[in-house]
Structures are given as C-alpha cells and as structure tokens.
Amino acid sequence: MKYVFFGSPEFAATILKKLTEAGYMPEAIVCNPDEPVGRKKIITPPAVKQLAISNNWNIKILQPKKLSDIKDDLKKINADVFIVAAYAKIISKEILEMPNLKTIGVHPSILPKYRGSSPIQSAILNGEEETGVSIFIIDEKVDHGPVLAISNKQKIAGENYPELSAKLADLGGGLLVKILPDYLNGKIKPQTQSESDATFTQKFSTKDGEVDLKKDSPKIIFGKVKALNPDPGVFTYIETKKGRIRLKILDAELENNNLKLLQIQPDGKKPMAYKEFLNGYKPI
RNA sequence: CGCGGGAUGGAGCAGUAGUUAGCUCGUCUGGCUCAUAACCAGAAGGUCGUUGGUGCAAUUCCAACUCCCGCAA
C-alpha cells in the first residue's frame, strides 16, 4: 500500500509512529511549515517532521503553505490512500479524491459528536465522562464523512488535555492499524453520520481562559484548567499585598466541589506550587 | 531592535550605602503526643546572577552582559 500521511502535532506523530511500527511506511508526509516558537523565535519543525528526521526516514517531507502548491507532487506519488490526523488545514475535494481509496481521517471524538478543531478540550470542558476516537472517510465538509470505525470508550478521569490527547492518539493509532487491512480489502462498510446528533467545537482563545476564583463555579474552573492548559492557558487576577497580579493556573484539583490550586505561575515568574506562592505573596 | 516582569540560604518572598542580610516554608536535632501535614525548643545552610565603575564603604547607586519568565506574534 502506498500512502501519504498528513498531520503536524504530537497527536499526529503518535499515530504515524504506530503506523510505521506496524510496517506501514508512508511515501511522503505533509505537515505545516516550520514556525518560530516563543520569545526567542526558535524555528521549530512540527512533531511529525521531527519524528521523520530523528528516525532518518528516507521519505519526502512536504510543508506547503497552501496545499494547492503541492497538488502535482501528490499526484505523482500515485498513492492508494491518504491518511490525515490533525493536519489543521482544510483539504480541498480535489486532493481528497486523488487516491482511489480516498482519504481517511482520525478524529479524537466519537463522531458525530465534537466535530471541529478542539474535540478533546471540549469534551474535558463539558465534563464528559468518556470519549473516544473515530476513523472516517474525509469529505469536503468538516468531520462529516462516513465512519469506518469507532474505538473503545476512553474514560476521562481528571486528565488534562495533553494527557488525554496522548491516550487518544494511542487508541486511534491502534485502531487505525487494526482496521487498515480490512479497509484496503474493501471489507468495511462506511456508516453515514447522523447529522441531527452532530455537535461542533471551535478553537479556544486566551479570553476563554480567564476565570474569577470568587465568582466562577469550582467545577467550571476545574474543567478549564484541565482542558485549556497548556494552551491557551487559564489565568485570573488576584490581589496581594503588592497589588493586583496576573496568575496563570496550571493545575488544580476538585475536592468536594472545592477548587484546590496546585500549580500556578505569577506573571514574569516560573511555575510554582500554590503553597509556595502563599509563602511569599500573601494574597488578600 | 515588538511590550513588560525578574535574578537574595533547598523553595517562595522582604530589605538596607556601613559592625550580626530578614520573613514564610522546607531540612536536621531534641521535646510533647496514641498519633500527625499539628505544637514547643534549637541547629545547619547565603560568593545577595556575572563583570566593570563611583564611594571611606555596595547586596543596596550607575553601566554592560548572561540567564529565567509573562504578554504579543
């Protein structure tokens, strides 16, 4: 089987790793361009590219700004199927339908629930007790195509976004490897999604991470802390002897509906335990 | 040159131009207690980021540098 892998972040890298471990080496990978990260603007390649480089895979790495720029390259590869995991760009119909086995996607939710760009964070934020991973055929509407397989349920038990994402990537990668042979042989019958059950998620912004420790309910704050870290993060303002400071909330736990802050970070300081913060800052 | 905060014992913070640099926490020792993250007594532990400058005197003033971090992208 010849395939091209589309994906950029850690979630995608985990899935690609599973595929290659199972003997499926892509002809090429397509990921976002290297981007400057942080204050120092260090040029950082996406996780998928790093995986390929660190393993010295002799495959093509395509990092187009626009997918239309690499149409011809993709055509030349003459792949049987495209596999997409968290690529972050909308892929045009023309490209999706290039391979005769079309393009399949891995989406970290149980479709048709939580379509869109932040399924994992949204599930945590909404206090879902479990979620899962879906594999489906991608069409031109976002996360809309017929479903090939749905993973076992994954319990959500206080994980934060990166932790849950890692688990789901693992789960999704495993499922993909498992069903791929059947899909290639045409043994799987795609199931159309129920449109009436569909829900959508959107990206979060800094503003979504602002909380008020006094006014907001502990449960909601807790959900945000787990879902929105490390990016865009959760923050609040707190009055101390020295004045009002901005405080990021990195980790917390919920105990009998009381929010207990564990790890915080004052503006301009390193992350620290809340207990240590109290030693020096004396909130009012 | 995008904006800004910071560097003081293991941690978080104060602080001052001048014989012994403080506080909260932690650590160690002893005591109390059925017991404890509680309490009492005591102890160890700091070239006050680096380099240079001005002072009789600098950790405290000035300059440069290094490193850390928040925002923005």
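Being four residues apart in helix α8 (residues 274–281), F277 and Y281 are separated by about one helical turn. Helices (H or I, at least four residues) and strands (E, at least two) are DSSP runs, numbered from the N terminus. F277 is buried, as is Y281; buried means under 20% relative accessible area, exposed over 50%, and partly exposed in between (1.4 Å probe, protein chains only). This is a predicted model, in which local features need pLDDT of at least 70 and side-chain atom pairs count only at pLDDT 80 or more, while totals for chains, interfaces and linings use all residues. Residues are numbered from 1 along each chain as its sequence is written, chains are lettered from A and ligands numbered from 1 in the order in which they are written, and side-chain values use heavy atoms, with hydrogens and water left out.

**Overall architecture**

- Chain A contains eight helices and 17 strands.
- Of the 284 residues of chain A, 45% count as buried.
- The C-alpha atoms of chain A fill a box of roughly 65 × 45 × 30 Å along the principal axes.
- Among contacts (heavy atoms within 4.5 Å) in chain A between residues at least 6 apart in sequence, 61% join residues at least 24 apart.

**Aromatic rings**

- Five aromatic pairs are found in a search of the whole structure. Rings of Phe, Tyr and Trp (its six-membered ring) pair if their centres lie within 6.5 Å; planes under 30 degrees apart count as stacked, over 60 as edge-to-face and the rest as tilted.
- F6 and Y87 form an edge-to-face pair, with 5.8 Å centre to centre and 90 degrees between the planes.
- This pair links distant parts of the chain, 81 residues apart: F6 is in strand β1 (residues 3–6), and Y87 is in the loop between β6 (81–85) and α4 (93–96).
- Both F6 and Y87 are buried.
- The rings of F277 and Y281 have centres 4.6 Å apart and planes at 20 degrees, so this pair is stacked.
- F6, F82 and Y87 are linked into a cluster by ring pairs.

**Charges over rings**

- R244 lies over the face of Y237, at 4.2 Å from the ring centre. A charge sits over a ring if NZ of Lys or CZ of Arg is within 6 Å of the ring centre and within 35 degrees of the ring normal.
- R246 lies over the face of F235, at 3.9 Å from the ring centre.

- I29 lies in strand β2 (residues 28–30).
- With 0% relative accessibility, I29 counts as buried.
- The C-alpha atoms of I29 and V4 are separated by 5.7 Å, although these residues are 25 apart along the chain.
- Leaving out residues up to four places away in sequence, I29 touches several residues, including F5, L16, V48 and I61.

**Backbone features**

- The peptide bond from N229 to P230 is cis, with omega near 0 degrees, and P230 lies in the loop between α7 (218–228) and β14 (235–240).
- The peptide bond from D231 to P232 is also cis, with omega near 5 degrees, and P232 is in the loop between α7 and β14.
- K102, a residue other than glycine, has a positive phi near 65 degrees; K102 is in the loop between α4 and β7 (103–107) and counts as partly exposed at 42% relative accessibility.
- N256, a residue other than glycine, has a positive phi near 50 degrees; N256 lies in the loop between β15 (243–255) and β16 (258–266) and is exposed, with a relative accessible area of 74%.
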